[in-house]
Amino acid sequence: MSSNFLMGDTSSSLAKLLSMEFQNDEDYHVTVRDAITRKLFDALLYSNRKEERCAGTVWLLSLTVYCGHHASIQQLLPDIQEAFSHLIGEQSELTQELASQGLSIVYEIGDESMKKNLVNALVGTLTGSGKRKRAVKLVEDTEVFREGSVGESPTGGKLSTYKELCNLANEMGQPDLIYKFMDLANYQASLNSKRGAAFGFSKIAKHAGDALKPYLGALVPRLVRYQYDPDKNVQDAMAHIWKSLVADSKKTIDEHLDLIFDDLLVQCGSRLWRSREACCLALADILQGRKFDQVEKHLKRIWIAAFRAMDDIKETVRNAGDRLCRAVASLTGRLCDVSLTPVLEARQTMAVVLPVLLTDGIMSKVDSVRKASIGMVTKLAKGAGVAIRPYLSDLVCCMLESLSSLEDQGMNYVELHAENVGIQTEKLENLRISIARGSPMWETLEFCIDVVDSHSLELLVPRLAQLVRSGIGLNTRVGVANFIVLLVQKVGVGIKPFTSILLRLLLPVVKDERSASSKRAFANACAIVLKYAAPSQAQKLIEDTSNLHSGDRNDQISCAILLKSYASTAADTLNGYHTIIVPVLFVSRFEDDKIISSLYEELWEENMSSERITLQLYVGEIVTLINEGIMSSSWASKKKASQAICKLSEVLGESLSSHYNVLLTSLMKELPGRLWEGKDAVLNALSALCTSCHEAISASNPDAPNAILSLVSSACTKKTQKYREAAFSCLEKVIKAFNNPEFFNMVFPSLLEMGSSLAPTKSGQISLPDDVKADVPDSSPAALHEKILSCVTACIHVSRIGDIVNQQKNFIDLYLFSLSPTFPWTVKMSVFSSIKELCSKLHSAINNLQDSSMQTSITAFVHELFYTLSPEVLKSLRTIKIGQVHIAAAECLLELTNQYKAAPPIHWTELAFTNELLNLCEVEKSEQAKSLLKKCSDILGKLKQDIKP
């Protein structure tokens, strides 16, 4: 049966030869051998059917074993070698085993040329450089893959033959997919070839001996890689070859280490995932225990290969990449550790690795690569010691930039929506900074600080300066500022050569920063550099800082933050410049913005032990700054300076007399002219200055009080409600301050005129002049009238008694008008105070005057006041239900009654309001008011008994 299968169609022709009895003829044997050879090589060995190829392999192996020394077989040895070399790539393991045995036998019976060709062919197969001379022709039922190796079709059909693969490609609408299937099949055949070659190669290696040595350079790198192939069969086969080929594994690897590294690193970029995975695993094992001179040339490429594998599309390759990364990280850490490696080699290793980690690693978009790189950099910074100094500038800048670039992006999202959810921006910024300070990047920066020396400082400071100018992100900007603080603390006086460049850079940065946290951080950096600055640099910095107080809101906040940092960090330096900063702190306390004013108020309280002593020491500088503020074109500055004058006058009092002239001149120049918002502060300042320095003003220029009075009186006629109220308050204080009797005649007529302009209407409302109503729609005439009455009271206080008697009718008319129901109770309170002041003045005059005619006039005036105003006062008691008013009214009535008692009439006249007084006394709820009213009633009762009708 076998003979018939092998002979095929030649049986009929051979039958004729037999019948002709040519069996013993040599031509017969040649014909048979040719027929068998054609059948084997043309039909079986390259058949489309794997069963026929397997059968052909059995026959070819049998012929080679049993007839190998025959001349015809010897002539066919090249073809037999090629056939066996082709068959070792079969999917069938039986065919592979038979083909590999055949190759071994061919090697044994072949000559030297044959042996050399066979070795070349096997090495080419193992290294992937060999090419097939013949290929199996594909037909429809040719099996391309083993059944189930590539899954099933969408319809559940098989996918193994060429026809089934073509149908799947057409069904998917991608005819070119068949080429990918063929490429995959070819790669599978290549693996099979390598595995099959391994079976025969191990046997040939035993016989080849030194003949294989020239091929070790090509074989060893491949064999190393194939031993880590994901296919267990390939691993086993290649391990078998390795054992038969290599006597000392470690020595062989060491001898061919560069070739192995080159091959593995090239194949790490292969398009075949098997190769990429195997290379990573092989590299991870080979790197163990290596010295610097062994890996110096390859270390950079190994790191890059590890990063690439960690970002691979296939999970098994990524896992292998992680393993490789751990191995190369361990090796790098050992090589950079100065306690384990010479310093020179550690520096060389650092020169190779650090740039890769800082550029390809930390800046990678792959999270695992970034984390591994940061961990490695931190480890290097911790163990490298002084070896890291040449690379400090690059390392520090990269870590600072990474504080922001590697921050969780969720924090940026939260910050954008913080206001909407009620989170304070500053608290969120502090949280972000706190997280950054706990990161590995900041830990690395702290390690870097420990190894800074003068040489590295020269390289580091310019890079930090560049980062201050161009760095972005909250964490980066705060980080660079904090790093400068730590750096200066570490190097101390070593920073002196760089203070000029740093101070010129940091001050504008503090000003331009919008984040409060960043602003404070850069202010602290500026303060600690100031500590080591030259006197000229320090003076310029403090002057420039102080000048910020006159800028916009951001400048003012920047000034306060900077001064606070200077005071806490460089207090010794700052103490020499109090003449510059004390005036700024004092004046800036009166900013309208409560946030700004609170900052300067806090600074003032923390740094000035005694307010009065401080102001006395620096009053000259403060007055100069205040004067500049009043003379400036900014309304806010004028207002702030005016408020500062009020405080200065309040604290220093007469001690301000030596500097009043500058302030008074500026204030008097500012009062005339157009009104602006806040100008009432100028009036308040003028009144405060007059109160504290009235003696010096009067002594140096007797005409000054009249000029001041004229300016203030003019201000009282302005149309703006708030300004007029301030003007009347100022007028009252000026009158009291100078205590000039002449002021009465100068002011009282105008006060009467302005008071009478607030005339009551028929509806009971107060009518304002048309011009006032036009400008101030929401004006309060009661408040104005109250101020006018206070001024009248002040005039009474400074007046001569004769002037008061001459104006007695006007006084009574004014008081009656003011006690009318159209005015609120606050106005009536002012009337009561004014009446009491008038009574006091009259009482003093009665006791001290010797002129009888004047006493008569005063007595008449007292009687007129008592008869006219007492009923109105009682009316207020009856109509107003406020206890405070009742007490004030009762006191006023008691004062009038006492004056009436002091200058009693000659004949008693019945008082119409006596019964009303008694009734009110009975119903009064306030015990104090009730007691006062009872005294009035008793005085009048006793007086009635003493005076005869």
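Colleague: In which hand does H36 pass H37?
Modeller: In this predicted model, H36 crosses H37 in a left-handed way. The term applies because the near helix is turned anticlockwise from the far one by less than a right angle.

Colleague: Which residues make the contact of H36 and H37?
Modeller: H36 brings Tyr-660, Leu-663, Leu-664, Leu-667 and Glu-670. H37 brings Val-682, Ala-685, Leu-686, Leu-689, Cys-693, Ala-696, Ile-697 and Ser-700. They count as being in contact because they have heavy atoms within 4.5 Å. By class, the contact of H36 with H37 has 11 nonpolar, 1 polar and 1 charged residues.

Colleague: Why is H35 called roughly parallel to H37?
Modeller: Helix H35 (residues 635-652) packs on H37 at an angle of about 25°, with 8 Å between the axes. The cut-off for roughly parallel is under 35 degrees. The pair meets that cut-off, so H35 is roughly parallel to H37.

Colleague: In which hand does H35 pass H37?
Modeller: This crossing is left-handed.

Colleague: What do the residues of the contact of H35 with H37 divide into?
Modeller: On the H35 side are Lys-639, Ser-642, Gln-643, Ile-645, Cys-646 and Ser-649. On the H37 side they meet Ala-681, Val-682, Asn-684, Ala-685, Ala-688, Leu-689 and Ser-692. The contact divides into 7 nonpolar, 5 polar and 1 charged.

Colleague: Which residues line the largest cavity?
Modeller: Its lining consists of Leu-403, Ile-433, Ala-436, Arg-437, Trp-442, Asn-475, Val-478, Gly-479 and Asn-482. A residue counts as lining because it has an atom within 4 Å of a point of the cavity.

Colleague: Which helices each supply at least two residues of that lining?
Modeller: Helix H22 (425-437) and helix H25 (474-491) do. H25 gives the largest share, 4 residues.

Colleague: How does that lining divide by class?
Modeller: The lining has 5 nonpolar, 3 polar and 1 charged. Gly-479 is part of the lining. Gly counts as polar by the definition used.

Definitions and conventions. Residues are numbered from 1 along each chain as its sequence is written. This is a predicted model: local features need pLDDT of at least 70, side-chain atom pairs count only at pLDDT 80 or more; totals for chains, interfaces and linings use all residues. Side-chain values use heavy atoms; hydrogens and water are left out. On a 1 Å grid over the protein atoms alone, a cavity is a set of points where a 1.4 Å probe fits but cannot get out, and a pocket is an open set with protein on both sides within 12 Å along at least five of seven lines; lining residues have an atom within 4 Å of a point. Axes are lines fitted to C-alpha atoms, for helices over the stretch in contact, and angles run from 0 to 180 degrees between N-to-C directions. Angles under 35 degrees count as roughly parallel, over 145 as roughly antiparallel, 65 to 115 as roughly perpendicular and the rest as oblique.
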